Amino acid sequence: MTKTQTYELLLRQLEELLSIETDCVANMANTSAALFNGLPDLNWAGFYILRGNTLVLGPFQGKPACVRIPLGKGVCGTAAQTGQTQLVKNVHEFAGHIACDSASNSEIVIPIFKEGRVWGVLDIDSPSLARFDDTDRAFLEKFVAIFTDKTAL
């Protein structure tokens with residue numbers, strides 16, 4: 001399957017997974033599991049929820065992670081502060097990168113909005129350099145749109 005075909009299948013699966021459930025924790029858990037198991041070459045996929053000026057760890061798949069990330073720190077904190085997707089080909093070159101897992105080499109973080117404000121982020125890491133590209137960005141932003149549409153945040 002091509003990358004686009006893989007994402008299209010995952011989008012259909014996500015629609016089904018979230019079609020009858022609105023609970024936030026359940027939907028974060030299933031969304032992170034679908035991504036982690038459905039996309040190749042990942043070592044972490046999950047959510048951080050913004051609480052005040054700190055991102056707090058939510059449901060995820062992968063090794064244990066940083067529990068709290070200050071707003072503006074690292075890739076996740078930058079995505080939450082700017083409200084913009086962060087696509088980082090080499091995390092070791094990202095100023096202020098927080099190494100929760102030293103095996104991670106690239107990362108993409110998509111902000112999640114509720115009522116026009118950042119609610120949290122979807123964070124995905126890979127052990128490979130330059131794992132993520134604009135195709136990943138476009139489809140993962142669609143994932144977040146489906147998640148926010150189907151979930152009671």
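Trainee: Is C76 buried or exposed?
Mentor: This is a predicted model, in which local features need pLDDT of at least 70 and side-chain atom pairs pLDDT 80 or more, while totals for chains, interfaces and linings use all residues. Residues are numbered from 1 along each chain as its sequence is written, and side-chain values use heavy atoms, without hydrogens and water. Here, buried means under 20% relative accessible area, exposed over 50%, and partly exposed in between, with a 1.4 Å probe and protein chains only. C76 has 3% relative accessibility, so C76 counts as buried.

Trainee: What is the relative accessibility of C24?
Mentor: C24 also counts as buried. Its relative accessibility is 14%.

Trainee: How many disulfides does the structure hold?
Mentor: A disulfide is a covalent bond between the sulfur atoms of two cysteines; here it is counted when the two sulfurs are within 2.5 Å. For C24, the closest cysteine sulfur is in C76, and at 16 Å that is too far for a bond. The number of disulfides in the structure is zero.

Trainee: Let's look at the whole fold. Which pattern does the protein follow along the sequence?
Mentor: Helices (H or I, at least four residues) and strands (E, at least two) are DSSP runs, numbered from the N terminus. The protein has four helices and six strands. Read along the sequence, their pattern is α-α-β-β-β-α-β-β-β-α.

Trainee: What is the radius of gyration of the protein?
Mentor: The C-alpha atoms fill a box of roughly 40 × 40 × 25 Å along the principal axes. For 153 residues the globule rule gives 15 Å, and the value here is close to that, so the protein is as compact as a globular protein of that length. The radius is taken over C-alpha atoms, and the rule is 2.2 Å times the number of residues to the power 0.38. The radius of gyration is 14 Å.

Trainee: What share of the residues of the protein count as buried?
Mentor: Strand 6 gives a local picture, being mostly covered, with nine of its ten residues buried. Of the 153 residues of the protein, the buried share is 48%.

Trainee: Over how many bridges do strand 5 and strand 6 pair?
Mentor: Two strands pair if DSSP finds at least two bridges between them. Strand 5 and strand 6 form a hairpin with two residues between them, and E115 in the turn has a positive phi of about 50°. I110 has L122 in strand 6 as its bridge partner. Strand 5 and strand 6 pair in the antiparallel sense, and the number of bridges is nine.

Trainee: Which element gives the most to the lining of the largest cavity?
Mentor: On a 1 Å grid over the protein atoms alone, a cavity is a set of points where a 1.4 Å probe fits but cannot get out, and lining residues have an atom within 4 Å of a point. The largest cavity is lined by 22 residues, with I98, C100, E107, D123 and D125 nearest its centre. Two or more of the lining residues come from each of strand 1 (44-51), helix 3 (74-82), strand 5 (106-114) and strand 6 (117-126). With four residues, the element that gives the most is helix 3.

Notes. On a 1 Å grid over the protein atoms alone, a cavity is a set of points where a 1.4 Å probe fits but cannot get out, and a pocket is an open set with protein on both sides within 12 Å along at least five of seven lines; lining residues have an atom within 4 Å of a point.
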